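Subject: Structure for your review

Dear colleague,

Please find below the structure that I am handing over to you. I would be grateful if you kept it open while reading the notes that come after it.

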Amino acid sequence: MSDASDEERAERRLYSIGLILSVVLTVASFATVTTGILPRGWAIPALIVLALTQIVVHLRVFLHIDLTRQKREDLQLLLFTVLLLAIMGFGTLWIMANLAERM
Amino acid sequence: MSAKAQNAHPGMNLGYGEGARKAEVDVFGFWVFLMTDLVTFGLVFAIFGTMVGATAGGPGPEEVTDLRSIAIQTALLLGSSFAFSWASLSMKYDRGRGRTLIFLSFAATSALGFLVMEFIDLRHLVEIGATPQRSGYLSALWALVGLHGLHVAVGLLGVGSLTGQILLYGLTDKIKSRVTRLGLYWHFLDIVWVGIFSMVYLAGVA
């Protein structure tokens with residue numbers, strides 16, 4: 001296992017990059033709210049984009065989801081679950097918002 | 001360095017025999033569990049979404065959110081996730097069980113700190129009368145934050161149990177596979193927390 005240390009170093013680097021990206025994205029999220037630099041309507045879309053980006057970083061770095069064939073099953077399972085969740089989640093929000101409007 | 005080896009689950013230093021195949025199947029099964037948990041969390045998020053603004057004259061997001069405490073909790077949980085990945089790496093590259101246990105204990109301590117901070121926050125909510133029965137908004141908030149906190153507590157029990165197993169039996173293939181699955185659970189909870197601090201706390205006061 002002569003290349004083990006190289007491989008280990010590469011993995012450590014990947015995790016460290018993931019940590020740095022997560023910290024940057026988290027600080028950006030908090031800064032969006034505490035500094036109020038964005039116009040009022042923009043803060044929440046910005047938070048959603050930052051959170052989704054951070055989730056993708058976590059999935060890639062910490063949960064080892066990627067586009068290689070070896071991980072295809074994990075990725076498909078994840079995407080299918082997200083699809084089901086989107087139908088149920090958005091359905092819930094849609095119906096309940098509609099009801100609230102009619103109340 | 002081969003791309004394939006790098007993409008393998010951390011901790012899967014089991015060669016390519018029957019044991020490795022079994023471990024891969026177990027990890028996939030654990031992914032199925034995690035995804036059912038994701039649906040649970042996602043729907044509690046959706047319920048929270050329907051309850052935003054349903055404060056019934058009680059405490060709202062401004063009173064409930066202590067951004068400094070949330071920032072510290074976020075840092076603790078991210079640090080915990082990172083420490084766990086370091087434990088997985090020292091296990092994968094045979095750096096000895098002492099190193100693995102040290103990083104596991106870092107991860108556990110950090111997560112325990114997170115739970116203590118969260119408990120203090122929730123106790124403060126009770127003090128200002130923001131109990132779950134006060135309004136729909138608060139019911140949903142307590143359900144979501146509490147569900148996540150319970151998951152972290154269960155994860156801590158898992159670390160405790162695995163620490164005992166590592167001390168007793170060493171890093172056998174079976175235990176490596178268990179640590180790998182607990183790692184997935186651990187990182188998954190950090191993802192859920194990203195959703196909570198962004199959508200519940202930050203979006204609440206934005």
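Predicted model: local features only at pLDDT ≥ 70, side-chain atom pairs only at ≥ 80, totals over all residues.

**Contact between chain A and chain B**

On the side of chain B, 45 residues are in contact with 49 residues of chain A. Together the two chains bury an area of about 4500 Å², and carbon and sulfur atoms account for 75% of that area.

Two salt bridges are counted between chain B and chain A. A salt bridge links A:Glu11 to B:Lys92, where the closest N and O atoms are 2.6 Å apart. The count of residue pairs in polar contact between chain B and chain A, with both residues at pLDDT 80 or more, is five.

Four helices of chain B each supply at least two residues of the side that touches chain A: helix 1 (3-7), helix 2 (18-51), helix 4 (67-92) and helix 7 (173-205). Helix 7 of chain B gives the largest share, with 12 residues. By residue class, the side of chain B that touches chain A holds 30 nonpolar, 10 polar and five charged residues.

**The largest pocket**

The largest pocket has a volume of about 1400 Å³. Its lining consists of 43 residues, and those nearest the centre of the pocket are A:Leu52, A:Ile55, B:Phe45, B:Gly195 and B:Met199.

Both chains take part in this lining: helix 2 (43-61) and helix 3 (72-102) of chain A, as well as helix 2 and helix 7 of chain B, each supply at least two residues. The largest share of the lining, 10 residues, belongs to helix 2 of chain B. Of the lining residues, 35 are nonpolar, six are polar and two are charged.

**Cavities**

There are four cavities of 30 Å³ or more. The second largest cavity has a volume of about 40 Å³. Its lining is formed by B:Leu77, B:Ala111, B:Val152, B:Trp186 and B:Leu189. These divide into five nonpolar residues, with no polar and no charged ones.

With kind regards

Definitions and conventions
Residues numbered from 1 in each chain as written. Chains lettered and ligands numbered in written order. Heavy atoms only, no water. 1 Å grid on protein atoms, 1.4 Å probe; cavity = no way out; pocket = protein on both sides within 12 Å on 5 of 7 lines; lining within 4 Å. Points joined across faces, edges and corners; volume = space filled by probe spheres on them. Nonpolar A, V, L, I, M, F, W, Y, C, P; charged D, E, K, R; others polar. Contact = heavy atoms within 4.5 Å. Buried area = accessible area lost by both parts, 1.4 Å probe. Salt bridge = Lys/Arg side-chain N within 4 Å of Asp/Glu carboxyl O. Polar contact = N/O pair within 3.5 Å; in protein donor to acceptor, adjacent residues only side chain to side chain.
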